[in-house]
Amino acid sequence: MNELRSRFTGVFTALVTPFRDGSIDFSAFDALVERQIAAGVAGLVPVGTTGEAATLSDDEADQLIARTVEKARGRALVMAGAGANDTKKAVEKVRRAETAGADAVLVVTPYYNKPTQAGLIAHYGAVAGATALPVMLYSVPGRCGVEIAAETCATLMRNHANIFSIKEAGGSAARVSELRRACGDELIVHSGDDGLTLPFLSLGAVGVTSVVANVAPESMVAMVRAWHEGNTAHALALHDLVAELTDGMFVESNPGPVKAALALNNLSGPEMRLPMVPVSDANRERLAGILNRYTSAASGVLGAR
């Protein structure tokens, strides 16, 4: 468990999937992955919500996972998104992710059909039983309409050795304490909300699966590292540095704003797949201002200790 905790400590970037003329822009994707690794992220998460997994074909998802593994070359852990609201499909996705070389899988709660907690236990049990990979649960009720209860998480951990962690994106830091009370200190918690990363860490989480790290990986890595090193003042300064940028990533539905920010920085294009569309002109201008303020302040804060 100590080895697992070490491997899952730090910043995991929920990678965008760049598109060009309807197809995946692998050149831009490769550059984004390399930038993340250079910044020191601990993990890479392809084919998640931020990666527009809902509109990727199975073959595209396989290619992106395998490409991430190839480019990472062991320098960062690769945790592939592998969720579905049909248990049979989720099992298939997990198996395909394992075949593609992923180190772990991130499995979101079934969306739209809103299963009971008993349904979640059965769903995740089937998924965990289909793979030898570590499984991170993903609770995001704002997207899926159902929350993984703390007791459900504890039951799943007792019944399945490869379920050991949760990405918590319910918007409340109090959930960290609730989960740890139910599951014990063996539970590895990731913040699923960038703005709550520092409060989560203070309550026992070990890392974050981050959207804003696509744009500001150095700052997110430095913040989490500073906290773990005991430099809480510097961690707070870095939290303040990225706060407005973090809020900006959700001026419209993810991943529209993060793709717009990457485009403004000439790192990839803003193209998305329907039903997602690029952000409005007004929000694009708003993001440009946020990015300018972040860039102006970043070097001073990052250079301080």
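Me: Contact here means heavy atoms within 4.5 Å; in this predicted model, which residues of α7 does α5 meet?

Reply: From the side of α5, the residues taking part are Gln-117, Leu-120, Ile-121, Tyr-124 and Gly-125. By class, this contact of α5 with α7 has 4 nonpolar, 4 polar and no charged residues. The residues that α5 meets in α7 are Thr-152, Thr-155 and Leu-156.

Me: Are α5 and α7 roughly parallel or roughly antiparallel to each other?

Reply: The axes of helix α5 (residues 117-129) and helix α7 (residues 150-159) come within 10 Å and cross at roughly 30°. Angles under 35 degrees count as roughly parallel, whereas angles over 145 count as roughly antiparallel. The two helices, α5 and α7, are therefore roughly parallel.

Me: Is the crossing of α12 and α13 left-handed or right-handed, and how many charged residues does their contact have?

Reply: The crossing of α12 and α13 is right-handed. Pro-257, Ala-260, Ala-261 and Leu-264 of α12 make the contact together with Arg-284, Leu-287, Ala-288 and Leu-291 of α13. Divided by class, the residues of this contact include 7 that are nonpolar and none that are polar, and the number of charged residues is 1.

Me: Which element gives the largest share of the lining of the largest pocket?

Reply: The largest pocket holds about 820 Å³ of space. It is lined by 35 residues, and those closest to its centre are Ala-53, Ala-54, Gly-83, Lys-93 and Tyr-111. The elements that give two or more residues to this lining are α3 (58-72), α4 (87-99), β6 (104-108) and α6 (141-144). The largest share, 5 residues, comes from α4.

Me: How many polar residues are in the lining of the second largest pocket?

Reply: About 400 Å³ of space lies in the second largest pocket, and among the 24 residues that line this pocket, Gly-192, Asp-193, Val-211, Phe-250 and Asn-254 lie nearest its centre. Both β10 (207-210) and α11 (232-248) supply at least two residues of the lining. Sorted by class, the lining has 8 nonpolar and 6 charged residues, and the number of polar residues is 10.

How values were computed:
Residues are numbered from 1 along each chain as its sequence is written. This is a predicted model: local features need pLDDT of at least 70, side-chain atom pairs count only at pLDDT 80 or more; totals for chains, interfaces and linings use all residues. Side-chain values use heavy atoms; hydrogens and water are left out. On a 1 Å grid over the protein atoms alone, a cavity is a set of points where a 1.4 Å probe fits but cannot get out, and a pocket is an open set with protein on both sides within 12 Å along at least five of seven lines; lining residues have an atom within 4 Å of a point. Grid points are joined across faces, edges and corners, and a volume is the space filled by probe spheres set on the points. Helices (H or I, at least four residues) and strands (E, at least two) are DSSP runs, numbered from the N terminus. Ala, Val, Leu, Ile, Met, Phe, Trp, Tyr, Cys and Pro count as nonpolar, Asp, Glu, Lys and Arg as charged, and the others, Gly among them, as polar. Axes are lines fitted to C-alpha atoms, for helices over the stretch in contact, and angles run from 0 to 180 degrees between N-to-C directions. Angles under 35 degrees count as roughly parallel, over 145 as roughly antiparallel, 65 to 115 as roughly perpendicular and the rest as oblique. Contact means heavy atoms within 4.5 Å. A crossing is left-handed if the near helix is turned anticlockwise from the far one by less than a right angle, and right-handed if clockwise.
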